[in-house]
Amino acid sequence: MMPSLLSRQLALLLHNHLRLTAPGCRYVSKAATKTQMEFDYDGPSMKTQVPGPRSQELTKQLGDIQNVAAINFFCNYEESRGNYLVDVDGNRMLDVYTQISSIPIGYNHPALLKVMSNPSNLSAFINRPALGILPPENFPDKLTESLLSVAPSGMTRVQTMACGSCSNENAYKAMFIWYRNKERGYKTPSDEDLNTCMINQVGCLATTHSKAIHKLDVPSFDWPIAPFPRLQYPLEEFTRENAQEEARCLEEVEDLIVKWRQKGKPVAGIVIEPIQAEGGDNHASPAFFKSLRNIARKHGCAFHVDEVQTGGGATGKFWAHEHWGMEDPADIVSFSKKLLTGGYYYKDELQADKPYRIFNTWMGDPSKNLLLVEVLNVIRRENLLEEVTRSGKALLQGLCELQARYPNLLSRARGQGSFCAIDVCDDPTRNDIILKARNKGALLGGCGDRSIRFRPALVFKEYHVHMFLNIFNDVLAQFK
């Protein structure tokens with residue numbers, strides 16, 4: 001049996017980095033100061049419709065075990081490379097969605113394979129610890145080298161978690177704990193506090209706005225939800241109208257805080273995404289976020305910036321909130337996706353006051369910190385944030401041109417860096433476009449009620465952009 005491409009590359013990394021050539025692939029040499037080389041395919045290659053027969057067979061097999069209704073197709077991750085995802089039927093697709101925005105430097109990057117081949121790292125991958133009680137010896141150093149090296153402005157503390165959902169859940173807990181301690185004057189909780197907390201209230205999935213199916217039948221907290229500004233794009237061309245919309249939303253935020261306080265349910269914190277992702281990739285101006293931050297201060301609320309999707313460089317800055325130009329942008333910043341692990345940064349005053357208040361078995365994964373160190377090294381060494389800015393500009397410009405060419409189909413092109421989106425005339429057409437693009441070799445994702453979102457890896461270059469735009473144009477032409 002022939003060894004897989006992944007196995008071969010691991011072997012090569014262990015033997016003086018000899019070059020590998022394979023059909024349809026290429027090395028692209030970097031400048032002398034850069035030690036890594038990009039290993040990427042030279043374009044999509046489609047053999048079947050997607051899902052193909054092998055994917056359909058595996059879906060049926062897995063369907064006897066679990067719910068498979070959401071599965072798109074099965075993947076061959078060993079053969080996937082750089083910006084290209086390969087499926088089990090041999091279809092090679094340009095991935096502009098990257099596992100829901102969570103692949104930072106492409107598939108099977110040599111720097112990450114090298115981490116896996118280092119014997120000194122094996123223990124981190126084999127012996128997963130219950131981090132809250134039994135962390136490994138090097139954990140403080142590895143956090144300093146990885147997550148703390150990219151900490152948001154003003155933050156020196158980080159709590160690791162396993163994924164975006166538990167990152168936000170525990171960030172909320174931290175805000176509630178901080179607020180109630182502040183209300184009690186930091187005194188010991190009363191017997192009533194301790195007894196009533198054991199009477200469970202319903203509530204979960206209260207702040208996700210992805211799809212109704214994610215929330216259907218699941219009870220939610222009764223807590224205030226303020227509208228995100230519904231703006232016109234480009235922002236700079238509609239400054240007056242957008243300022244009025246943002247002012248309306250900010251006024252409603254303050255009204256809600258006051259009304260909930262009058263109901264005896266004070267607002268402990270405000271949660272905001274720099275770009276409202278699942279709700280439709282909605283953007284707002286820096287002035288909006290600055291005003292929202294000031295409202296939180298005025299009313300004694302914690303300010304939580306949810307960077308689960310936007311963090312890690314996709315907007316051209318490592319944190320999307322850096323675009324706001326604020327010295328003190330947040331009290332808590334949650335993250336996951338492109339950071340490979342989950343968690344939240346927080347200010348000293350939001351430190352939990354007792355053990356086990358912020359706690360679960362895993363609380364992250366040390367092996368992900370090892371990989372993150374290398375991801376950050378690649379980002380710095382290859383100036384990937386600048387690359388994202390360039391490719392993102394080309395992508396947004398291309399979307400605007402297609403929008404002008406197909407005004408009956410597309411509208412509201414928008415983005416920061418390569419974190420872009422565009423609206424389609426209706427939901428069925430949006431979904432049809434995504435499927436047709438996939439069969440032509442480009443993977444896309446949807447969000448909101450009729451938006452297509454673009455979430456490429458940080459190694460997505462301008463020539464990848466033009467390759468995608470050609471495919472996208474061919475798909476759109478079918479709808480004339």
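Select strand E10 (residues 410–416) and strand E11: they run antiparallel, joined by 5 bridges. Strands pair here if DSSP finds at least two bridges between them. Helices (H or I, at least four residues) and strands (E, at least two) are DSSP runs, numbered from the N terminus.

This is a predicted model; local features need pLDDT of at least 70, side-chain atom pairs count only at pLDDT 80 or more, and totals for chains, interfaces and linings use all residues. Residues are numbered from 1 along each chain as its sequence is written, and side-chain values use heavy atoms, with hydrogens and water left out.

Next, click Ser 411. Opposite it in E11 stands Asp 423. Then go to the turn: E10 and E11 form a hairpin with 2 residues between them. Gly 417 sits in that turn, with a positive phi of about 60°.

Buried means under 20% relative accessible area, exposed over 50%, partly exposed in between (1.4 Å probe, protein chains only).

Colour the two faces of E11. In a regular strand, side chains alternate between the two faces of the sheet. One side of E11 carries Phe 419, Ala 421 and Asp 423, all buried. The other has Cys 420, Ile 422 and Val 424, also buried.

E14 runs antiparallel to E11, with 4 bridges between them. Pick Cys 420: its bridge partner in E14 is Phe 454.

Finally, zoom out. The protein has 15 helices and 14 strands. Of its 480 residues, 49% count as buried.
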